[in-house]
Amino acid sequence: MGKRKDNHVWSREDNLIALYYYRFGTKFLELDEKQIANEIGTTVASLKMQSKNFEMLDTGRSGLSDYSQVQSDVFNQFGKVVRYDLFVEVKKALDLDTIMRNRLMKAKSLNGFRRLTPIVR
C-alpha cells in the first residue's frame, strides 16, 4: 500500500522507479502512472518532475536541473543499463510480485461471489 504523499523524501528505490519511468514509461510494470505514484507515496506530478530531473542528467540540456545527489548516483549506476536489468531492480523496489498476487486474489474473490443473473427470454 502507498505511503503518505506530503513531504515525500525520495529514496534510492523511488529514484530507480522514476528513472525507469523516464526511460521506458510504464511499459512492463502492469501499473499506470497514478498507481506507481501511489505505491511510492507521491503524486503523478512529482513523479513526472523526477523524470525531468533524469532527463537533465541524461541529455545535459533539457529537463529540470535541480536533481539530487541520490538521483545523480542512481543515474550513474543505472542510467545506461538495458531495460531488463533496470526492470529487475524496479520490480524489487515496487514489490511487483506482491502487487500482482494481491490483484489476482482480489479478482478471484470477486469472481467467487459474483451472482449469476438468469437469462430472461
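I count a residue as buried under 20% relative accessible area, as exposed over 50%, and as partly exposed in between, with a 1.4 Å probe and protein chains only.

**Entry 1: N15**

I looked up N15 first. At 1% relative accessibility, N15 counts as buried. N15 lies in helix α1; helices here are DSSP runs of H or I with at least four residues, strands are runs of E with at least two, and both are numbered from the N terminus. The model is a predicted one, where local features need pLDDT of at least 70 and side-chain atom pairs count only at pLDDT 80 or more, while totals for chains, interfaces and linings use all residues. Residues are numbered from 1 along each chain as its sequence is written, and side-chain values use heavy atoms, with hydrogens and water left out.

Which residues does N15 touch, leaving aside its neighbours within four places in sequence? I found W10, Q50, F54, V70, Q71 and V74 in contact with N15, where contact means heavy atoms within 4.5 Å. I also noted F75, which is 60 residues from N15 in sequence but 8.7 Å away in space, C-alpha to C-alpha.

**Entry 2: the whole chain**

I then stepped back to the overall make-up. The protein has six helices and zero strands, so I write the order of its elements from the N terminus as α-α-α-α-α-α. Buried residues make up 31% of its 121 residues. Of the contacts with a separation of 6 or more, 63% are between residues 24 or more positions apart.

Q50 is placed in helix α3. Its relative accessible area is 12%, and Q50 is therefore buried. Apart from neighbours within four places in sequence, Q50 is in contact with W10, N15, A18 and Q71.

M56 has its place in helix α3. From M56 to D66 I noted 10 residues in sequence and 8.9 Å in space, C-alpha to C-alpha.

**Entry 3: two helices with a buried side**

In α4, residues 69-78, I listed Q71, S72, V74, F75 and F78 as buried. They are on the same side of α4 because they cover an arc of only 165° around the axis; the arc is that of the directions from the helix axis to the C-beta atoms. Q69 and N76 are exposed on the other side of α4. What covers the buried residues of α4? I found that the cover includes α1 (12-24), α3 (44-59) and α5 (83-94).

In α2, residues 33-40, the buried residues are I36, A37 and I40. Seen down the axis of α2, these fall within an arc of 95°, so they line one face of the helix. The buried residues of α2 pack against α1, α3 and α5.

**Entry 4: α1 against α5**

I looked at how α1 and α5 cross. Their axes come within 9 Å and cross at roughly 135°; axes are lines fitted to C-alpha atoms, for helices over the stretch in contact, and angles run from 0 to 180 degrees between N-to-C directions. That angle makes α1 oblique to α5, since angles under 35 degrees count as roughly parallel, over 145 as roughly antiparallel, 65 to 115 as roughly perpendicular and the rest as oblique. The crossing of α1 past α5 is left-handed, meaning that the near helix is turned anticlockwise from the far one by less than a right angle.

On the α1 side I noted E13, L16, I17, L19, Y20, R23 and F24, which meet R83, L86, F87, E89, V90, A93 and L94 in α5. The residues of this contact divide into 10 nonpolar, no polar and four charged. Here Ala, Val, Leu, Ile, Met, Phe, Trp, Tyr, Cys and Pro count as nonpolar, Asp, Glu, Lys and Arg as charged, and the others, Gly among them, as polar.

**Entry 5: positive phi**

Most residues other than glycine have a negative phi. F28 is not a glycine, yet has a positive phi of about 75°. F28 lies in the loop between α1 and α2 and counts as partly exposed at 43% relative accessibility.

D95, also not a glycine, has a positive phi of about 55°. Where does D95 lie? I found D95 in the loop between α5 and α6 (96-112). With a relative accessible area of 39%, D95 is partly exposed.
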